[in-house]
Amino acid sequence: MATTINAARNTRSHLRRIAVSLFAVAVTLGSAAATFAADAVVLRVGDQKGGNRSLLEISGFANGLPYKIEWSEFPAAAPILEALNAGALDVGYTGDLAFLSVYGAGAPIKAIGGTRSDPKTQAILVRSDSPIKTVADLRGKRLAGTRGGWGQFLIDATLEKTGFAIADATFAPLGPVDAKIALLAGSIDGWAVWEPYVSYATIKDNARIVADGQGLTPTITFIVASDAAIAGKRAAVQDLVQRLNKARLWSLDHVAEYAKSTAELTKLPEDVLLSAYRSQHTSPIAIDDAVVREVQEASDRATRYGILPKQIEVSKAVDRSFTNAVNSN
């Protein structure tokens with residue numbers, strides 16, 4: 001898995017080549033104006049605070065939309081997936097493993113695009129005064145993370161990599177807010193989480209990183225659409241994917257501005273966001289053969305760990321046509 005991850009994270013010029021291909025399949029402004037038929041199309045999009053809506057607005061790519069977006073803000077990815085499954089949303093975004101869990105349960109959704117962040121930005125944290133110094137010290141400890149997501153996966157994969165059994169540590173299924181409180185209170189020994197929680201905990205709470213996702217997790221966030229939206233609102237969905245990819249590339253060149261503006265919107269500390277964005281280096285991806293193989297490997301491991309209840313054929317869970325032009329590179 002590490003080879004695939006490293007191969008995917010190349011130079012900025014490679015990102016630009018990806019961007020050109022991604023945008024080649026997007027609708028032109030002229031054809032969009034005809035397709036969207038006088039604001040008849042409305043996209044219902046699920047978001048989290050400081051997420052894609054903020055990114056589009058800060059970067060300027062929310063301007064001139066040839067369709068309407070009805071934004072709904074959610075506290076986490078899980079309720080976004082629930083809303084997509086229920087038909088209440090057209091588009092949302094979530095970590096790949098959480099998406100596969102809901103898709104595997106029969107939800108009429110597909111991954112149509114996404115981003116990749118540096119896997120080091122998923123980490124297992126401990127308190128500054130913790131006796132845990134290395135991953136070998138995690139044995140017998142109580143470790144918290146999100147159930148069915150990359151928190152639980154990172155804990156299991158780290159234990160396995162170290163030569164331990166999954167049962168050699170106690171898993172505590174806690175969301176980020178509760179896990180942070182529990183870590184600071186000392187009721188758990190470690191916390192598996194992602195950015196910006198990692199930067200917040202290390203900068204503001206003096207937490208220490210004892211393990212990260214390097215070589216273990218794809219660290220992919222999928223843009224997910226309902227089958228109904230793919231069939232009935234395709235041009236608008238394609239345009240949104242294009243704008244999100246452009247906005248993400250903009251953020252790589254304007255990290256300080258992005259952090260400052262997001263801090264003003266979310267009231268999160270600017271230094272935390274700046275650290276998170278610089279560490280993540282979140283970049284748009286194409287859903288190509290390499291990504292499908294990588295996520296398939298992680299999915300199979302998650303099934304073996306018991307995180308996913310059954311094996312999933314990742315190639316059937318994605319719609320590559322939205323980023324298909326990249327495959328020709």
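Me: What does buried mean, and is F99 buried or exposed?
Reply: Buried means under 20% relative accessible area, exposed means over 50%, and partly exposed lies in between, with a 1.4 Å probe and protein chains only. This is a predicted model, in which local features need pLDDT of at least 70 and side-chain atom pairs count only at pLDDT 80 or more, while totals for chains, interfaces and linings use all residues. Residues are numbered from 1 along each chain as its sequence is written, and side-chain values use heavy atoms, with hydrogens and water left out. Because its relative accessibility is 0%, F99 counts as buried.

Me: How many degrees lie between the planes of F99 and F222?
Reply: Rings of Phe, Tyr and Trp (its six-membered ring) pair if their centres lie within 6.5 Å; planes under 30 degrees apart count as stacked, over 60 as edge-to-face and the rest as tilted. The structure holds eight aromatic pairs. In the pair of F99 and F222, the centres are 5.6 Å apart, and the pair is edge-to-face, with an angle between the planes of 75°.

Me: How far apart in sequence are the parts that the pair of F99 and F222 ties together?
Reply: Helices (H or I, at least four residues) and strands (E, at least two) are DSSP runs, numbered from the N terminus. F99 belongs to helix α6 (residues 96-104) and F222 to strand β10 (residues 220-226), so the pair ties together parts separated in sequence by 123 residues.

Me: How many residues has the largest nonpolar core?
Reply: A nonpolar core is a set of buried Ala, Val, Leu, Ile, Met, Phe, Trp, Tyr and Cys residues joined through side-chain atoms within 4.5 Å. F222, with a relative accessible area of 1%, is buried. Both F99 and F222 are among the residues with the most contacts inside the largest core, and the number of residues in this core is 47.

Me: Which hand has the crossover from β1 to β2?
Reply: Two strands pair if DSSP finds at least two bridges between them. Strands β1 (residues 42-48) and β2 (residues 68-74) run parallel and are joined by seven bridges. A crossover is right-handed if, with the strands pointing away from the viewer, the path from the first strand over the helix to the second runs clockwise. The chain passes from β1 through helix α4 (residues 52-59) to β2, and this β-α-β crossover is right-handed.

Me: How many of the eight residues of α4 are buried?
Reply: The buried residues of α4 include L55, L56 and I58. Helix α4 is largely enclosed by the rest of the structure, because the number of its eight residues that are buried is six.
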